[in-house]
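I opened my notebook to look up charged pairs, a chain contact and nonpolar cores. Here is what I wrote down along the way.

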Amino acid sequence: MFENKHALIHTFGALADLGQAVTDKNNFQETIKTSLHLISGALAIMRGGVARYSRYAHELNMVAARGLGDDFPLSLTLCFEDERQFLANGLYPIEVREAKALPFFQVYDPSLESTKIELFVPLVIQSEIVGALLLGEKASGLPYSSYDKEIICAMARHIGVAISQRNLLAEIARQSEENRQLYESLRHTYRDTVQAFAAAIDCKDKYTEGHSVRVGKYSEIIATELGWSDEEIEGAAVAGYLHDVGKLTVERKIINAPYRIDAKESAELNKHPAVGFEILTPIHHPYADVPLAAKYHHERLDGRGYPDGLHDSEIPYIAKIVTLADSFDAMTTDRPYKRRRPANEVFEDLQGNSGKQFAPELVTAFFKGILKELAGESKDKKFRKLLGREYMESEGLARVVQSGVNNLAPTSGLTAIAAK
Amino acid sequence: MISLDEVRTDVNVDNEPAIILAGDYLNKITGEKIERECRKYLDQGIRELIVDFSQTEIVNSIGVSILLGVIDSASGAGARVVFSDVNEDTVELFETLGVTKHVTLQN
């Protein structure tokens with residue numbers, strides 16, 4: 001029993017400080033070290049340690065120690081019987097000299113003896129061993145009183161809760177990481193599936209082989225230039241990959257016709273955006289706009305597109321991106337009835353149709369993307385891979401693209417009128 | 001007198017008692033520096049450590065724990081620990097806790 005008020009205040013001060021220390025979730029090691037100081041200082045205990053229990057390894061691993069020396073084991077193994085007894089004992093301090101029957105105290109007797117460990121406190125929280133306290137002799141040389149043990153018990157509970165919380169956080173972090181990896185894996189699977197699907201769409205048209213994949217990649221370039229997040233960029237790419245999915249229902253002879261198709265065939269072909277929308281809508285995509293890109297990728301800012309003749313602000317943004325990517329690929333690849341157009345002509349066409357067919361800011365973004373590559377500022381050479389080296393080295397291309405960037409209006413005229 | 005801020009590892013203190021100012025930092029986890037400095041002096045051959053409490057109003061549990069660390073290290077090295085200028089309340093606390101059994105008090 002404490003003999004004076006100073007000692008009493010000292011002990012309760014330690015309890016209060018411990019309560020505060022264990023709420024610090026930032027530095028677990030520091031929290032446990034502080035806890036050991038507080039419990040040692042509260043009762044003037046010469047040496048001791050705090051261990052955290054690994055239920056997988058059945059080991060008590062020392063987190064903090066004072067005065068135990070370098071020879072004290074850093075890990076102490078518990079057998080089934082030890083665990084059973086400690087669980088039954090709960091948080092109450094065990095006198096080491098009276099517990100020698102337990103395997104744990106027999107195995108570690110030399111270490112406990114040489115460091116004069118007198119008390120072993122299993123940290124049992126919610127019927128689970130989370131750690132242990134090892135406490136040496138008191139500075140007074142007196143044995144631990146029942147009052148001391150009550151104080152130790154209260155402080156041990158605080159430390160046990162801190163370890164338990166840490167374990168919980170570690171478990172949440174582990175599960176969160178597992179979920180993240182699972183999500184990543186699902187995303188990869190989704191993207192692989194989408195790419196496989198795009199390849200399947202392109203297979204139907206022998207002259208535009210790889211079209212969907214290229215539109216996906218051009219859409220990705222535009223989204224990147226717009227400064228979109230990685231997820232949004234991926235969404236734009238997916239929208240590009242799947243924009244022509246509706247063509248799966250169009251007869252192969254119409255798609256592969258080596259001539260300009262007639263009005264009837266054209267009407268059949270023009271159903272593909274709406275069909276694509278129907279195919280994609282029931283699928284739960286990570287990116288909401290994918291079906292809209294399929295439906296509206298033939299719309300134009302001036303309202304002369306199809307299927308609905310929408311105007312600028314009525315057209316979903318993702319569809320505007322895919323429209324540009326789709327048209328660019330159509331102009332830069334050979335068709336059964338038409339050779340691909342020269343690079344300079346294509347970029348002049350894009351510039352000329354900016355504000356009519358294409359959103360000006362997207363044309364600007366696209367031009368900036370190719371300019372970076374022409375200037376050697378981008379490492380991955382996406383355009384060169386898609387268009388070929390010779391095409392990218394067309395004479396005067398950089399000048400044409402630069403001129404386009406300089407002359408393009410920031411927004412379309414139609415948008416400006418709508419804004420007024 | 002050696003305060004924490006002034007301590008240098010290369011100070012020549014041949015056989016002189018090392019004087020350590022306890023101050024307020026004793027009561028914080030950063031006070032472990034006192035232990036480290038004391039161990040350094042003991043390694044240098046110093047056999048008397050004087051902990052000066054003249055600027056220490058109270059000693060909390062962390063402070064007691066750190067002082068016990070100093071005592072333990074000194075005991076292992078066969079050195080003497082002196083607590084100087086300890087106020088009355090703190091003396092009373094040290095006596096109750098049994099700390100005074102391991103040190104010499106000096107005013």
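**Entry 1: a pair within one helix.** I began in helix α3 of chain A, residues 80-89, where Glu81(A) and Arg84(A) sit 3 residues apart, about one turn of the helix. I kept in mind that this is a predicted model. The two side chains form a salt bridge, and their closest N and O atoms are 3.1 Å apart. How accessible are the partners? Glu81(A) is partly exposed, at a relative accessible area of 27%. Arg84(A) is partly exposed too, with a value of 44%.

**Entry 2: another helix, another pair.** Next I went to helix α6 of chain A, which covers residues 146-203 and holds both Glu177(A) and Arg180(A). These two are also 3 residues apart, about one turn of the helix. Their side chains meet in a salt bridge at 2.9 Å, N to O. I looked up their accessibility as well: Glu177(A) has a relative accessible area of 32% and is partly exposed, and Arg180(A) is partly exposed at 43%.

**Entry 3: a link between distant parts.** I then followed a pair that joins two helices of chain A: Arg191(A) lies in helix α6 and Glu220(A) in helix α7 (residues 211-225). They are 29 residues apart, and the pair links distant parts of the chain. The salt bridge between their side chains is 3.0 Å, N to O. Are Arg191(A) and Glu220(A) buried or exposed? Both turned out to be buried.

I also found that Arg191(A) and Glu220(A) belong to a network of salt bridges, whose other members are Glu184(A), Arg187(A), Glu231(A), Glu234(A), Asp380(A) and Lys382(A). Over all chains, the count of salt bridges comes to 37.

**Entry 4: where chain B meets chain A.** How many residues does the contact take from each chain? I noted 23 from chain B and 26 from chain A. The buried area between them is about 1,900 Å², and carbon and sulfur atoms give 56% of that. On the chain B side, Ser61(B), Leu68(B) and Leu97(B) lose the most area to chain A, together 28% of what that side buries.

Charged pairs turn up here as well, with 3 salt bridges across the interface. I looked up Lys33(A) and Glu32(B), whose side chains meet in a salt bridge at 3.1 Å, N to O.

Which helices of chain B supply at least two residues each to the side that touches chain A? They are α1 (32-43), α2 (61-77) and α3 (88-97). The largest share comes from α2(B), with 9 residues. By class, this side of chain B has 10 nonpolar, 7 polar and 6 charged residues.

**Entry 5: the nonpolar cores.** Last, I turned to the largest nonpolar core, which has 68 residues. Those that touch the most other members are Met155(A), Leu49(B), Phe53(B), Phe83(B), Phe94(B) and Val99(B). Another core, of 39 residues, lies apart from the largest one, with Ala223(A), Ala325(A), Leu386(A) and Leu387(A) among its members.

Terms used:
Residues numbered from 1 in each chain as written. Chains lettered and ligands numbered in written order. Predicted model: local features only at pLDDT ≥ 70, side-chain atom pairs only at ≥ 80, totals over all residues. Heavy atoms only, no water. Salt bridge = Lys/Arg side-chain N within 4 Å of Asp/Glu carboxyl O. Helix = DSSP H or I, 4+ residues; strand = E, 2+ residues; numbered from the N terminus. Buried < 20%, exposed > 50% of the residue type's maximum accessible area, 1.4 Å probe, protein only. Contact = heavy atoms within 4.5 Å. Buried area = accessible area lost by both parts, 1.4 Å probe. Nonpolar A, V, L, I, M, F, W, Y, C, P; charged D, E, K, R; others polar. Core = buried A, V, L, I, M, F, W, Y, C linked by side-chain atoms within 4.5 Å.
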